[in-house]
Amino acid sequence: MDTTMQFQVYGEQALLEDAKSVITDLEKQVSVTDPNSELYRINQEGTGTLTGHAATLMQEALTMCSRTDGALDISIYPIVRAWGFTTGNYQVPDETTIQTLLAQVDYTKIQYDASTGTVTIPEGMTLDLGSIAKGYAGELAADSLRKNGVKSALLNLGGNVQTVGSKPDGSPWEVGIQDPSGDSSMMVLSIRDQAVVTSGGYERYFEQDGQTYWHIMDPATGHPADSGLLSVTIVGDKGSICDGLSTSLFVMGLDKASQLWSQSDDFEAVFVTDSGTVYLTEGLKDQFALTEDYADTKVKVLQR
Ligand code: ADP
Ligand code: MG
C-alpha cells in the first residue's frame with residue numbers, strides 16, 4: 001500500500017504475522033499496479049470479479065462515494081495519475097487534458113453486483129481503492145487480533161491509526177494529530193478500540209511556481225481539493241468509513257463536512273483550517289488535549 005506500517009501488539013508473536021497477512025492478502029487483491037490483482041484485471045478488461053474482503057471493500061467504497069455525493073470517487077485515478085501522484089513525475093496537466101479525463105470520472109457508472117462480486121466499468125475508467133483500503137485493512141487486522149483474544153494493540157498504517165482495546169495498563173491509547181503546517185503533534189486524542197484516520201494536503205504534494213499541489217483531488221474540478229482545510233481527522237469504530245470520510249471531507253470543506261457530520265452518528269472529526277483554527281465535533285470534546293507548544297491554538301467545538 002505504498003507506506004510503512006508499524007504494529008504494536010500485546011500477545012504472542014504469531015498474532016502479528018496473522019494481522020500482517022490479512023493486510024498483504026488484501027493488497028494482493030486490490031493493488032492497481034500488480035497485474036495479478038483482481039482489481040487490475042477489472043481495470044484492464046472492463047469487467048471482473050472481486051472476492052472475499054475485496055468484495056466487501058468495494059461495497060463499502062461505493063457506499064461512501066454516494067454518501068459523500070461524489071466527493072469520494074473511486075474512479076478518480078486517471079486524474080491522480082495525470083498530476084503525477086502515481087509515479088512521482090509531478091506536473092500540472094493542461095486544462096484540456098483534465099477535462100477529457102474528468103469525463104471518465106463518475107462512480108455512478110460503476111456496476112457492482114454484490115451477490116456475485118462482479119464489477120463492470122465503462123471503457124476508459126480506472127478504479128482505485130487507495131483512499132479507503134488502508135482504513136479497511138486496519139479494521140481487518142484489528143478484527144483478526146480481537147478474534148485471537150488480543151486486548152491491546154496499536155496499529156499504525158501510514159498515518160491511519162487503528163487501536164484494539166486500550167493500553168495494557170487499561171488507560172486509553174493516545175493518538176497524536178500532526179500540525180499540518182509543521183512537524184509536531186498539535187493535539188492528542190484518547191482512544192479505545194477505534195480508528196483515527198487523517199487526510200491532509202501535507203502528506204504528499206509538490207510545488208510549482210509558488211503553488212502547492214497535493215494528492216487529494218476534487219472530483220468536481222480535477223484539481224487538488226482547495227476547500228480551506230489543511231487536514232481532516234476522523235474517529236470512529238470502522239476504519240474503512242473513517243478513511244473514506246477523511247479523504248472526502250477534506251474535499252468538501254468545513255461547512256459541508258460538518259453538515260454531513262451532524263446528520264451522522266458513526267464518526268467524530270477534527271478539522272484544521274488554513275487559518276489555523278481547529279474545529280472539533282462535540283463527541284470528542286472530553287477526549288482531546290492540545291500539546292504544550294500548541295496550547296494557544298483556537299479550538300471551536302461543533303454542536304449538532
Ligand atoms: P493517504 O492514502 O495519503 O493516507 P487518503 O486516504 O486521503 O490519503 O487517500 C488519498 C489517495 O486517494 C490519493 O493518493 C489518490 O490516489 C486517491 N484520491 C485522491 N482524491 C480522491 C477522491 N476525491 N476520491 C477518491 N480517491 C481519491
Ligand atoms: Mg482516506
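This tour visits a metal site and then a set of paired strands in a predicted model.

**The magnesium site**

Begin by selecting the magnesium ion (ligand 2). The ion is coordinated by S131 (O), D243 (O), D243 (OD) and T247 (OG1), at 2.1 to 2.5 Å. Along the chain, these donors follow the spacing S-x111-D-x3-T. Two of the residues, S131 and D243, link distant parts of the chain, as they lie 112 residues apart. To see this, select the loop between β4 (118-120) and α6 (133-147), where S131 is found. Then select helix α7 (residues 239-252), which holds D243.

How buried are S131 and D243? S131 has a relative accessible area of 19%, and it counts as buried because the cut-off is under 20%. D243 is also buried, with a relative accessible area of 5%.

Next, select strand β5 (residues 152-157). Of its 6 residues, 5 are buried, so the strand is largely enclosed by the rest of the structure.

β1 and β5 pair in the antiparallel sense over 5 bridges. Within this pairing, M5 stands opposite L157 in β5.

**The turn**

Finally, which residue in the turn between β5 and β6 has a positive phi? Select G158: its phi is about 55 degrees. β5 and β6 form a hairpin, with 2 residues between them.

Note on methods: Residues are numbered from 1 along each chain as its sequence is written. Chains are lettered from A and ligands numbered from 1 in the order in which they are written. This is a predicted model: local features need pLDDT of at least 70, side-chain atom pairs count only at pLDDT 80 or more; totals for chains, interfaces and linings use all residues. Side-chain values use heavy atoms; hydrogens and water are left out. Donors are N, O and S atoms within 2.8 Å of the metal (3.2 Å for Na, K and Ca); water is not among the atoms, so sites may look incomplete. Helices (H or I, at least four residues) and strands (E, at least two) are DSSP runs, numbered from the N terminus. Buried means under 20% relative accessible area, exposed over 50%, partly exposed in between (1.4 Å probe, protein chains only). Two strands pair if DSSP finds at least two bridges between them.
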